[in-house]
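Thank you all for making time this morning. I would like to walk through one structure with you, going from a single stretch of backbone out to the cores and the aromatic rings.

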Amino acid sequence: MENLYVVIPCYNEEEVLEKTKKVLEKKMTDLIRKKKINKQSKVIFINDGSKDKTWDLIQKFYEEDKLFGGINLSRNRGHQNALLAGLLTVKDDADIVISMDADLQDDIEVMDEMIEKRNHGADIVYGVRNSRKKDSFFKRTTAQGFYQVMRMLGVDVIYNHADYRLTSKRVLDSLADYQEVNLFLRGIFPLIGFKSDIVYYERGERAAGESKYPLKKMLNFAWDGITSFSVRPIRLILNIGILILVLSILMILYSIIQKVFGNTVDGWTFIVCSLWLLGGIQMLSLGVIGEYIGKIYSETKARPRYIIDKYIVER
């Protein structure tokens, strides 16, 4: 039997946390009773600088039942950094770790299947949604488009997988060697390698509260994923630049020929449209290049990705 730690990033989750605690308490007790995990297994909530009573609830859970523990970050660092903080903090105490969100949308019943696949040698078990029927048309279309774009750019990601996964200790030891500040864990885990497997599940509705990933955050997250794992956008700019250069040379030759044969006419509309087009392409290109330079700037400073204020757990 292995020692399982479940890590759950939390940001303003006081509305759902009591229910999450009860559901996980029942599940963990059941897994221990069936001897699928040992009695030292834990559930660790990571408070990502919440402004509500999330940390107070986590401390209360710890005082009531030593099955639960908590990590309090010094300030809000974002979901990916909070998750990383949980994974790297517990890795020395755990044999396997399952990460999931606090909203209970991930089906905890497949934890049994994850552990079973781990017992058959898998070091990483990805939780993958079997459909997106419950999503709105917009969210379903944009999510599918994101995964397709990532694959086109050469990024190895698991389709319809978020952050619900089981990882072994040696995977987390390898994860600790990845020092980038701009985190996209869904792209990092496939890079680590080792034997992996997949479990499929039906993603449910949020148990309570509101989503902490509005459209703006989702778009920023997608862009971070693209620019953190692929340089193809910069190569695309180079290709566009070459194409425009070729077209410009052709237009220069065409203009000279027209001048020689006396066929020149006023070209105000053409010139204005060309200037706007080229200006737009240049601004877009500078923006993409600037995004990469900004990421290089962040990486070279090598600031801490998170700072832990307090870690409470019964060992």
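Just after helix α7, Gly193 takes a positive phi of about 90 degrees. Before I go further, please keep in mind that this is a predicted model, in which local features need pLDDT of at least 70 and side-chain atom pairs count only at pLDDT 80 or more, while totals for chains, interfaces and linings use all residues. Residues are numbered from 1 along each chain as its sequence is written, and side-chain values use heavy atoms, with hydrogens and water left out.

Buried will mean under 20% relative accessible area, exposed over 50%, and partly exposed in between, with a 1.4 Å probe and protein chains only.

Helix α7 itself, residues 185-192, is mostly covered, since seven of its eight residues are buried. Those buried residues are Leu185, Arg186, Gly187, Ile188, Phe189, Pro190 and Ile192. For the whole chain of 315 residues, 44% count as buried.

Glu180 and Arg305 are 125 residues apart in sequence, yet their C-alpha atoms are 8.7 Å apart in space. Is Asn81 buried or exposed? At 11% relative accessibility, Asn81 counts as buried. Taking contact to mean heavy atoms within 4.5 Å, and leaving aside neighbours within four places in sequence, Asn81 is in contact with Val181, Leu183, Arg305 and Tyr306. The side chain of Asn81 also reaches the backbone oxygen of Arg77 at 3.0 Å.

In the loop between β3 (68-73) and α3 lies Ser74, which is partly exposed, with a relative accessible area of 44%. Ser74 touches Ile307 and Asp309, not counting residues up to four places away in sequence. Its C-alpha is 8.3 Å from that of Lys310, although Ser74 and Lys310 are 236 residues apart in sequence. For the chain as a whole, among contacts between residues at least 6 apart in sequence, 84% join residues at least 24 apart.

Let me turn to the interior. A nonpolar core, as I use the term, is a set of buried Ala, Val, Leu, Ile, Met, Phe, Trp, Tyr and Cys residues joined through side-chain atoms within 4.5 Å. The largest one has 34 residues, and those with the most contacts inside it are Leu4, Ile8, Phe45 and Met111. The elements that give two or more residues to this core are β1 (4-10), α1 (14-33), β2, α2, β4 (96-99), α4 (111-119), β6 and β7. Which element gives the most? That is α2, with five residues. Apart from this core lies another, of 29 residues, among them Ala82, Leu88, Ile124 and Leu185.

Finally, the aromatic rings. Rings of Phe, Tyr and Trp (its six-membered ring) pair if their centres lie within 6.5 Å, with planes under 30 degrees apart counted as stacked, over 60 as edge-to-face and the rest as tilted. By this rule there are four aromatic pairs. In one of them, Phe45 and Phe61 form a tilted pair, at 5.9 Å centre to centre and 55 degrees between the planes. Phe45 lies in strand β2 (residues 42-47) and Phe61 in helix α2 (residues 54-64), so this pair ties together parts that are 16 residues apart in sequence. Both Phe45 and Phe61 are buried. Another pair, Tyr164 with Tyr201, is edge-to-face, at 5.3 Å centre to centre and 90 degrees between the planes. Here Tyr164 lies in strand β6 (residues 161-168) and Tyr201 in strand β7 (residues 196-201), so the parts tied together are 37 residues apart in sequence. Tyr164 and Tyr201 are both buried. To close with the phenylalanines, Phe45, Phe61 and Phe68 form one aromatic cluster.

How values were computed: Helix = DSSP H or I, 4+ residues; strand = E, 2+ residues; numbered from the N terminus. Polar contact = N/O pair within 3.5 Å; in protein donor to acceptor, adjacent residues only side chain to side chain.
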